[in-house]
Amino acid sequence: MKMNLFIIRNGIIRRIQNTIYFVFKNEKGELEKKALPVEKIYSIYAHGRITIKSGALSYLMKHGIPVHFFNKFGFYEGSFWPRETLVSGALLVKQVEHYLDRSKRMSLAKAFVKGAIMNILVNLKYYAREEKSLEDDISKISEFLSKLNLASSIEELMALEGNVREIYYLAWNKFLPEKFKFEKRSRQPPENMINALISFGNSLVYSACLTEIYNTQLNPTISYLHEPFERRFSLALDLAEIFKPLLADRVIFKLIKQDKIDESYFHKELNYCILNDKGKRAFLQAFDEKLKTTIKHRGLKRNVSYQRLIRLECYKLIKHLLGMKEYKPFVIWW
């Protein structure tokens, strides 16, 4: 089985024959080496100062392994994207057509927002079993959901989703400890521990979606909810909206509720707004476990991993673009 590699320590990546070697210094300052056959690697998430030898990078690209880079704050910076092999001119034409046609674009954009809101509601309803005051927040968000189809522009959709997420994040204060209190969403850099966790988690979800898009015939630069811009893969942003509640938020809840993260996992000198290496390691381990978690798929009647759910979402989008089946967003059913 292939695996995602999450690298935190500074070091060097090099290739020897068909093996990728990771050379780095451990916490004691001692030099360590780890080796992994390239066939076992699915994608690489680099959070340290990584030097990749040209031979290793070329070999990774040859085997279709994307490498995602994050800066010291945990923000996504960019990816080395292997040469696309799953190309389809017919699908590309359909992607562009659905972007240029206002009605078709709005239909998809609304579907992405709908999926995001419904998954947000699933999370809140879980905690509402014990915290009854969450019912008010659920009611407010449900009201926004009922207004979704009335939105007549992308700007209105983005504003609606922004309002929903504001209510959602503030609702976390009702079931998370006081020290992780949410006041307002802040980014680059986040202003406190909870915002640092949200930003870090969202970057990972974006990268996971980008990896899965690469393994399909979809073009990652053509999107529908987020405006396509230069130097970004905006379709991954669209899909990430749907999967943040499952892959990022639930990891955050688990780490906090199980006391697996506290102030010592953040840089104290930076007002606890940035995860230190220990914090990144804890989050990445929990995130990897989440991606590997399996659930019996209601349609396929077999177990699939959470990571595979993203790929299946890509396939559903392809079928919609080709006129085979109307796209309906993934909604957590468990």
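How many nonpolar, polar and charged residues are in the lining of the second largest cavity? The lining has three nonpolar, three polar and one charged residues.

## Two cavities

This is a predicted model. The structure holds two cavities of 30 Å³ or more.

The largest cavity has about 50 Å³ of space. Its lining includes Phe73, Gly74 and Phe75. Pro190, Ala196, Ser199 and Phe200 also line this cavity. Cys273, Ile274 and Leu275 complete the list. By class, eight of these lining residues are nonpolar and two are polar. None is charged.

Strands of a sheet pair through backbone hydrogen bonds, and the pairing can be parallel or antiparallel.

Now look at β5, which covers residues 41-46. This strand is mostly covered: six of its six residues are buried. β5 runs parallel to β1 (residues 3-7), and five bridges join the two. Across this pair, Asn4 stands opposite Ser43 in β5. β5 also pairs with β7 (residues 67-70). That pairing is parallel too, over three bridges. Here Tyr45 stands opposite His68 in β7.

## The sheet with β4 and β6

Another open sheet of four strands has the order β4-β3-β2-β6. The pairing is again mixed. Which strands stand at the edges? They are β4 (31-37) and β6 (50-52), and each pairs on one side only. Neighbouring strands of this sheet are turned by 20° against each other on average, direction ignored.

Strand β2 spans residues 11-16. β2 and β6 pair in the parallel sense, over three bridges. Ile12 stands opposite Thr51 in β6. Helix α1 (residues 54-62) lies across β2, β3 (19-25) and β6. This helix runs at about 65° to β2.

Is Thr19 buried or exposed? Thr19 lies in strand β3. Its relative accessibility is 15%, and buried means under 20%, so Thr19 counts as buried. Thr19 touches Arg14, Ala35, Leu36 and Pro37, leaving aside residues up to four places away in sequence.

Ile141 has its place in helix α4 (residues 134-146). Its relative accessibility is 0%, so Ile141 counts as buried. Which residues does Ile141 touch, not counting residues up to four places away in sequence? They are Ile117, Ile120, Leu121, Leu124, Val164, Ile167 and Tyr168. Lys325 is 184 residues away from Ile141 along the chain. The C-alpha atoms of Ile141 and Lys325 are separated by 28 Å.

## Two loop residues with positive phi

Most residues other than glycine have a negative phi. Gln17 has a positive value, near 55°. Where does Gln17 lie? Gln17 is in the loop between β2 and β3. Its relative accessible area is 64%, and exposed means over 50%, so Gln17 is exposed.

Asp259 also has a positive phi, near 55°. This residue is found in the loop between α7 (234-257) and α8 (277-292). With a relative accessible area of 66%, Asp259 is exposed.

Notes
Residues are numbered from 1 along each chain as its sequence is written. This is a predicted model: local features need pLDDT of at least 70, side-chain atom pairs count only at pLDDT 80 or more; totals for chains, interfaces and linings use all residues. Side-chain values use heavy atoms; hydrogens and water are left out. Two strands pair if DSSP finds at least two bridges between them. Axes are lines fitted to C-alpha atoms, for helices over the stretch in contact, and angles run from 0 to 180 degrees between N-to-C directions. Contact means heavy atoms within 4.5 Å. Buried means under 20% relative accessible area, exposed over 50%, partly exposed in between (1.4 Å probe, protein chains only). On a 1 Å grid over the protein atoms alone, a cavity is a set of points where a 1.4 Å probe fits but cannot get out, and a pocket is an open set with protein on both sides within 12 Å along at least five of seven lines; lining residues have an atom within 4 Å of a point. Grid points are joined across faces, edges and corners, and a volume is the space filled by probe spheres set on the points. Ala, Val, Leu, Ile, Met, Phe, Trp, Tyr, Cys and Pro count as nonpolar, Asp, Glu, Lys and Arg as charged, and the others, Gly among them, as polar.
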